[in-house]
Number of protein chains: 2
Amino acid sequence: MSTESVATPTVRPAKSVVSHPLAPLSSSEITSAAAIIKASWPTHTDLHFKVITLEEPPKAEVLPFLEAEHSRKPLPVISRKAFLNYYIRNTNKFHEAVVDLSTGRVLRNVLLGPNIHANGDGEEIVAIEKAALQDEGVKAEIAKLKLPAGTVVISDPWIYGSDGINDDDRMYQCFLYMRDPMNPTEADSNHYALPLPISPVVSTESMKVIRIDILPTGEDNTIKPIEPYQIKPPNEYIPEHQPLRTDLKPLNVIQPEGASFQVSHEGTSSVLSWQKWNFRVGFNQREGMVLYDVRYDGRSLFYRMSLSDMNIPYADPRHPYHKKSAFDLGDAGAGIMANNLKLGCDCLGSIYYLNAMLSDDKGGVIHMENVICIHEQDAGIGWKHTNYRTGRAAVVRSRELVLQSIITVSNYEYILAFVFNQAGEIDYEIRATGVLSTQPVDDGIEVPFGTVVHPGVLAVHHQHIFSLRVDPALEGHSNRLVYDEAHPMPRSDFNPHGIGYYVQETVVEESGGYDTDVDKNRVFKIQNNNVRNPVNGKPVAYKIQAPAFQKILSDKDSFNYKRSEFSDHNIYVVKYRDGELYAGGKYTNQSRGGTGVRSWANRKESVKDTDFVLYIQAGINHIPRVEDFPVMPCEILKIHLKPVNFFDRNPALDVPPSEQSFNKSVLVSEKHHQPSGEGKVGTNGGVCCVPKL
Amino acid sequence: MSTESVATPTVRPAKSVVSHPLAPLSSSEITSAAAIIKASWPTHTDLHFKVITLEEPPKAEVLPFLEAEHSRKPLPVISRKAFLNYYIRNTNKFHEAVVDLSTGRVLRNVLLGPNIHANGDGEEIVAIEKAALQDEGVKAEIAKLKLPAGTVVISDPWIYGSDGINDDDRMYQCFLYMRDPMNPTEADSNHYALPLPISPVVSTESMKVIRIDILPTGEDNTIKPIEPYQIKPPNEYIPEHQPLRTDLKPLNVIQPEGASFQVSHEGTSSVLSWQKWNFRVGFNQREGMVLYDVRYDGRSLFYRMSLSDMNIPYADPRHPYHKKSAFDLGDAGAGIMANNLKLGCDCLGSIYYLNAMLSDDKGGVIHMENVICIHEQDAGIGWKHTNYRTGRAAVVRSRELVLQSIITVSNYEYILAFVFNQAGEIDYEIRATGVLSTQPVDDGIEVPFGTVVHPGVLAVHHQHIFSLRVDPALEGHSNRLVYDEAHPMPRSDFNPHGIGYYVQETVVEESGGYDTDVDKNRVFKIQNNNVRNPVNGKPVAYKIQAPAFQKILSDKDSFNYKRSEFSDHNIYVVKYRDGELYAGGKYTNQSRGGTGVRSWANRKESVKDTDFVLYIQAGINHIPRVEDFPVMPCEILKIHLKPVNFFDRNPALDVPPSEQSFNKSVLVSEKHHQPSGEGKVGTNGGVCCVPKL
């Protein structure tokens with residue numbers, strides 16, 4: 001079906017409301033979008049909706065709106081559009097559509113493919129689990145294990161990573177586990193501690209098992225016939241199975257006057273104001289949290305910020321494990337997988353929650369509650385100086401604003417947060433936790449591509465490579481990407497002692513993938529060359545600090561490498577184009593590559609003094625430890641964005657001094673002599689130290 | 001004077017008390033040590049004491065003591081010794097001595113030198129300031145500036161970094177500044193915003209100005225005659241000079257049942273117990289905080305941990321700036337420069353303070369109060385997993401124990417902290433803050449080795465290179481250093497798709513300097529090859545995660561490089577020797593090199609399965625921003641030590657679940673629907689999410 005043959009709409013459009021052009025779809029807009037598409041098909045056509053989400057207007061339309069909004073001028077009208085993905089249910093007919101919600105017209109509605117497949121969805125995954133476990137052939141293989149009576153077998157459907165071999169059709173690779181056979185009624189038994197060597201492959205078209213893989217469990221790729229299962233111990237993470245430590249005293253965070261931030265709801269999006277920061281929060285099925293129009297003290301910084309995608313390729317080269325290479329956003333969705341956050345569990349202190357509306361597989365609405373928690377936290381000392389001559393110390397604490405969302409992708413959790421501080425800095429924090437993806441291994445086997453974390457359980461090495469999408473608008477939309485390097489000065493009359501060094505700035509002229517270089521202290525900066533710092537005349541800028549990491553290890557001819565278009569460089573820069581949002585491509589499930597940021601960068605467009613977009617990568621090469629099982633302590637990554645000659649002094653200089661009357665700390669020492677206050681007390685009581693000399 | 005000619009002691013030794021061999025000197029031990037040394041000289045000899053501190057007993061003597069201590073056996077008696085450094089006042093006669101406090105005997109008392117000089121001390125620095133400002137020649141140069149009447153000129157004495165040119169004698173290089181001439185009575189005016197081009201050099205022997213350097217203020221090394229000063233604006237950091245923001249609400253940390261840690265005082269040292277951690281805290285003039293005998297759940301981890309030294313070389317190659325290369329521990333002392341921490345200013349929550357006793361220049365005692373603050377903090381989610389089938393989430397928060405000390409070294413501050421968590425991890429956190437070291441610059445000048453941060457003020461680029469000394473004792477004192485690297489597998493029948501990778505472990509055989517390699521994901525581990533993990537049989541280990549940084553930029557023939565013996569590698573490993581503690585050498589002031597860790601490493605001793613010591617480096621190449629002035633927001637570095645196959649599962653598995661009844665969070669959303677609790681509630685109420693599917 002193509003755009004030409006669009007049926008005239010037969011449904012009334014959603015009651016037109018004045019929505020912000022960047023506000024997520026409302027529930028009526030979601031159902032109306034579904035209805036418009038359903039109406040374009042013969043009655044009773046069963047559609048399986050994958051995504052119904054806001055089609056963001058072209059930036060060229062949004063910018064005048066934002067200008068008018070901030071200057072309180074009349075707002076231009078921008079038509080609301082919805083983007084949809086759907087299948088004719090139980091077929092491979094995968095469609096992409098855009099509808100105009102104000103007119104009810106279908107603007108685009110095309111059949112995609114070949115080799116373009118949708119993300120998984122909750123209903124589908126549950127159905128796949130059932131299909132695998134109800135298959136007679138699978139039952140026959142399980143029977144060979146001679147499991148204790150009543151044993152509950154669990155099926156974890158995995159995205160079928162492509163290798164180009166008989167994988168044109170859409171499938172799931174299921175991995176089987178069991179609950180503790182000695183405790184089969186425990187629905188929260190950690191089945192990842194008890195993996196089984198059987199792996200059914202299920203077609204999403206027929207919803208039938210089309211192949212049963214038997215897994216290698218030795219040190220090579222030999223496949224042995226299934227033998228009776230030898231009972232192994234369980235390894236539970238739920239608290240009632242632990243002897244809990246009893247010596248941890250409560251720690252409460254109290255804000256007696258409430259929180260310092262304001263949230264104003266405008267339709268389906270929220271605007272946050274806190275400590276000179278101002279931005280709009282969106283939420284969608286794929287990226288989850290999205291920040292728009294981020295400003296500090298009224299000055300524009302970023303047009304849009306979001307996690308673009310992540311890739312998790314595994315190290316085991318043996319069939320079918322070699323296909324384990326997930327894109328958790330493109331294959332599943334950070335929005336739809338978001339946890340419903342509970343007070344006092346996932347955030348500490350005074351918490352504000354945001355809800356969201358997403359679509360289900362029938363074109364209905366899913367009310368996602370508490371998908372983002374917002375709170376303030378103390379981050380220790382922000383700055384301090386003591387004048388040793390007077391003994392007077394000036395010290396302020398650093399307060400942070402956190403927007404946190406937690407996603408569960410099958411076995412694994414990611415805790416994702418944007419963190420703002422009072423020094424004009426933004427951090428994107430990633431915490432990796434949850435349960436390792438495990439597989440069966442024979443006793444006494446050691447392999448160099450994984451770690452035995454429990455008897456009979458192998459946790460294979462894997463990389464987590466994240467791509468943060470940053471669409472800068474530093475004092476406007478004409479920016480440049482530059483990098484600084486520090487180099488030693490050659491010896492000369494000017495540098496006779498060989499100790500001098502200098503910093504050299506280089507402008508990135510062309511779109512492409514670029515890398516940091518620790519030995520040169522290479523630091524990338526977003527810069528506006530037309531706006532100069534009043535103190536030193538340098539262009540205003542924000543620098544990017546991301547932890548160094550090992551790039552993707554799969555070789556350049558591999559499907560892993562071709563598909564993971566962001567995983568080979570620290571930073572990608574591309575000229576802005578509407579609709580380009582996802583570093584791994586729009587459709588990552590069983591993708592073949594060629595549709596993501598590496599391909600866009602290859603257009604070799606000029607990115608100097610223009611509107612460009614950055615994809616900032618961070619990663620972990622996770623070599624599992626026994627300590628990572630049965631659930632792993634958070635591994636934390638932080639990407640920092642910090643002002644460089646953007647302000648005319650330390651932006652946190654006006655934070656009130658840290659004092660006891662405000663902080664209300666408690667002394668727990670028996671004998672403790674507080675400073676006698678010899679140091680001159682400032683009008684704001686900034687004295688925190690006595691003279692040293 | 002040599003050990004031979006030691007006078008028979010004429011003073012009674014300190015009343016013998018049963019002190020722990022690692023406990024810092026008591027006040028009576030300090031005064032007694034001074035008295036013993038004074039008695040070894042003719043009466044009325046005026047001694048200028050630099051250091052009187054514990055001479056730690058040989059490790060071979062301490063280990064049996066610790067064994068007996070932990071097994072509650074009778075404790076062997078170890079004699080208490082003091083280490084001293086002193087001058088015959090106003091001479092260059094610098095001595096090193098060791099005395100036995102129980103017998104009162106002088107064990108060692110030798111004249112040092114040539115080219116061995118002591119650290120600065122507070123009394124001396126104040127005297128140098130005066131000497132510089134009272135000099136008629138200096139006054140004459142200042143007069144040429146024609147400063148407004150009443151202007152207060154400030155002198156900042158700087159350690160005279162050596163360049164081998166006429167620097168055999170001990171000197172200070174003073175840099176001059178002034179308070180805001182429009183507000184000369186403000187004792188806390190930020191004089192670093194108003195630097196002057198005059199730099200007197202003062203001899204510590206004569207306490208007289210021996211040279212007056214005029215500073216280059218252009219882009220080259222031309223020295224211009226001093227001209228009348230053109231008034232520049234001030235740039236104050238003290239709160240009464242700021243329009244303070246008014247929209248920050250209080251945030252209090254309350255521990256209604258008190259803190260979870262216990263401190264027991266044993267003489268002058270303190271033993272801390274918290275969440276299975278147990279260790280002894282010491283404090284001395286040079287290193288400040290020192291941790292001894294660090295154990296987790298009764299298992300030995302580290303014999304000793306401390307900051308060994310730091311080096312801050314500057315990028316300006318012009319005389320006399322090329323000599324700016326400070327060793328803040330060796331040249332000054334992290335203990336003696338420690339801030340007196342005030343409740344509610346420097347720590348938030350329930351705080352316990354530790355005091356310390358150090359020595360003054362006359363052999364007396366300085367009572368240093370509140371030099372370490374101890375508190376717990378919440379560090380967000382520690383681990384979480386949600387079973388998407390039942391919707392049940394298990395989540396625990398991460399609680400941390402912090403030992404924090406803050407030092408002021410003239411213009412600059414370092415906030416230094418050991419941080420322990422419940423997953424068996426130790427972080428060493430460094431926060432760099434305070435005021436940039438500034439120098440005068442002509443209007444309109446831009447230089448590649450510094451940044452103009454205020455009119456007339458140049459902040460030169462500089463490196464901060466820190467060296468953390470870690471003396472491991474992982475399940476005993478026979479350990480090895482290894483590193484893991486991740487490598488792609490070659491294509492083969494085993495790896496037909498080119499995606500496989502493996503981890504290879506290499507043993508470090510010989511003492512030396514070693515580097516990380518991000519592209520190989522090289523990670524160093526401390527390992528005990530004789531103790532195996534019960535789950536997978538791998539040797540128990542702790543891994544080291546330190547941020548990548550640019551090594552020292554001064555060339556290999558420079559004094560900077562020769563003196564900074566730790567600054568050229570990420571990690572140094574040397575065989576343990578008693579008395580080797582300081583990575584830059586025992587005496588760093590005007591040092592010439594050859595006495596630090598690089599030299600020890602060159603002994604090329606075997607470090608495999610023996611007692612070795614690590615020096616772990618971390619660093620910042622600080623390219624100043626306008627945002628770093630007048631006081632800089634903290635730049636944060638963290639070195640992580642994490643268990644690898646040391647435990648038999650996640651050590652934080654037994655942390656009680658995060659629940660509202662314990663955390664007492666507050667809801668600030670107007671309308672907020674909490675999960676209905678569909679998910680099965682565990683006996684410990686671990687449910688924090690509702691079913692997703």
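Which residue does the side chain of Lys362(A) meet in a salt bridge? The partner is Asp361(A), with N and O 2.9 Å apart. This is a predicted model.

Lys362(A) has a relative accessible area of 51%, so it counts as exposed, the cut-off being over 50%. Asp361(A) is buried, at 4% relative accessibility.

**Two pairs that span the sequence**

Glu429(A) and Lys638(A) also join in a salt bridge, at 3.9 Å from N to O. Glu429(A) belongs to strand β20 (residues 426–434) of chain A and Lys638(A) to strand β32 (residues 632–644) of chain A, so this pair ties together parts 209 residues apart in sequence. Glu429(A) is buried at 11% relative accessibility. Lys638(A) is partly exposed at 32%.

Lys608(B) pairs with Glu509(B), and their closest N and O atoms are 3.7 Å apart. Lys608(B) lies in the loop between α7 (597–601) and β31 (612–622), while Glu509(B) lies in the loop between β26 (501–507) and β27 (512–514), so parts 99 residues apart in sequence are tied together. Lys608(B) is partly exposed, with a relative accessible area of 31%. Glu509(B) is partly exposed too, at 43%.

Back in chain A, shared partners link salt bridges into one network of Asp46(A), Arg89(A), Asp361(A) and Lys362(A).

| Salt bridge | N to O distance |
|---|---|
| Lys362(A) and Asp361(A) | 2.9 Å |
| Glu429(A) and Lys638(A) | 3.9 Å |
| Lys608(B) and Glu509(B) | 3.7 Å |

Over all chains, the salt bridges number 104. Side chains of opposite charge can pair when their charged atoms come close.

Key: Residues are numbered from 1 along each chain as its sequence is written. Chains are lettered from A and ligands numbered from 1 in the order in which they are written. This is a predicted model: local features need pLDDT of at least 70, side-chain atom pairs count only at pLDDT 80 or more; totals for chains, interfaces and linings use all residues. Side-chain values use heavy atoms; hydrogens and water are left out. A salt bridge is a side-chain nitrogen of Lys or Arg within 4 Å of a carboxyl oxygen of Asp or Glu. Buried means under 20% relative accessible area, exposed over 50%, partly exposed in between (1.4 Å probe, protein chains only). Helices (H or I, at least four residues) and strands (E, at least two) are DSSP runs, numbered from the N terminus.
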